[in-house]
Amino acid sequence: MLMTATKVLRQRRVGLSLAARLRVLSTASSPTQTDLGAANVGGASAQSMKRVSVTKSTNGVVTVTLARADKMNAIDMPMFHAIANAARELIPQRDVRAVIIHGEGRAFCAGLDVKSVMSPPHGGANMSKLLERPQGEVSNLAQDVGYLWRRIAAPVIAVTHGVCIGGGFQIALGADMRISTPTCKFSIMEAKWGLIPDMSATVTLPELVPKDVAMELTMSGRVFKADEALRLGLVTRVAEDPLAEARNLADEIAARSPDSTAAAKRLLHATYASDDDGRRLYLETELQRKLIGGWNQLA
């Protein structure tokens with residue numbers, strides 16, 4: 001079911017997000033000093049431990065690696081759990097200075113592994129696990145893989161290569177910054193199947209591009225490369241070696257005050273798309289009050 005990245009048609013079938021695939025089916029820096037292993041919190045099977053690895057360098061830069069290279073890091077149920085759990089485990093860790101998320105092998109992420117997720121007799125149960133929103137939570141499991149990165153105090157940098165399509169693109173959109181190879185292919189392709197993005201792009205995409213651009217990409221579902229993604233504002237930088245570029249950036253950020261970095265992320269996420277100037281200015285002042293004279297403030 002999962003195809004190679006060499007043909008756009010095949011990419012489109014692999015790269016769909018959750019709802020789209022269901023519809024189709026029904027009709028860190030330097031060598032790390034601490035290996036945190038695979039994310040494995042409640043709800044994840046033992047397979048989750050093979051899907052995502054997490055390592056932390058001595059300066060607090062964490063590298064999250066999607067480790068299903070034989071399937072172009074397509075998302076099956078263990079990977080859904082592993083990605084979400086990796087993010088959840090990092091949320092309370094105050095010693096994390098920056099996070100890099102990237103994929104092993106030929107691609108960042110080729111979207112949903114529909115065959116695995118929907119195969120009988122577990123397809124119905126998997127749908128419930130992915131789409132039901134736990135009480136008190138903002139997002140469901142399908143959305144968590146993109147949305148939860150915003151809840152980490154440290155900045156998150158996605159490194160993309162090969163293909164970054166469908167649900168994979170929505171994971172990358174959930175990061176604070178994206179660095180890509182020049183040849184990486186992107187697509188919001190739910191329109192190909194008469195659907196809309198359903199893995200948190202509703203939150204993240206409007207923050208990056210104007211409404212007309214979001215509409216054009218969402219309604220056309222076309223495939224585009226990194227140069228256009230950069231021009232549109234969907235990636236931050238393009239580099240021949242984006243992982244090395246991301247590590248350099250993460251090291252630079254890690255050398256700054258973690259308090260000001262966290263405050264900047266909180267401020268920009270809370271106010272960037274807001275038209276309430278009073279709220280923007282109030283939060284800016286309140287966060288600054290906490291930083292001035294603080295332990296990590298540099299005089």
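Reply: Leaving aside neighbours within four places in sequence, Val64 is in contact with Val52, Ser53, Val54, Ala86, Leu90, Val99, Ile100, Ile101, His102 and Trp149; contact means heavy atoms within 4.5 Å. The model is predicted: local features need pLDDT of at least 70 and side-chain atom pairs count only at pLDDT 80 or more, whereas totals for chains, interfaces and linings use all residues. Residues are numbered from 1 along each chain as its sequence is written, and side-chain values use heavy atoms, with hydrogens and water left out.

Me: Which residues of the largest nonpolar core touch the most other members?

Reply: A nonpolar core is a set of buried Ala, Val, Leu, Ile, Met, Phe, Trp, Tyr and Cys residues joined through side-chain atoms within 4.5 Å. Buried means under 20% relative accessible area, exposed over 50% and partly exposed in between, with a 1.4 Å probe and protein chains only. The largest core has 56 residues, and those touching the most other members are Val64, Phe80 and Trp149.

Me: Which helix gives the largest share of this core?

Reply: Helices are DSSP runs of H or I with at least four residues, strands are runs of E with at least two, and both are numbered from the N terminus. The largest share is nine residues, and the helix that supplies it, spanning residues 77-90, is α3.

Me: Is Leu66 buried or exposed?

Reply: Leu66 lies in strand β3, residues 61-66. Its contacts beyond four places in sequence include Met79, Ile83, Phe108 and Cys109. Because its relative accessible area is 0%, Leu66 is buried.

Me: How many disulfides does the structure hold?

Reply: A disulfide is a pair of cysteine sulfur atoms within 2.5 Å. The sulfur of Cys184 is 5.3 Å from the closest cysteine sulfur, in Cys164, and is therefore too far for a bond. The number of disulfides is zero.

Me: How far is the nearest cysteine sulfur from that of Cys109?

Reply: Cys109 is buried, with a relative accessible area of 0%. This residue is in no disulfide, and the nearest cysteine sulfur, that of Cys164, is at 7.4 Å.
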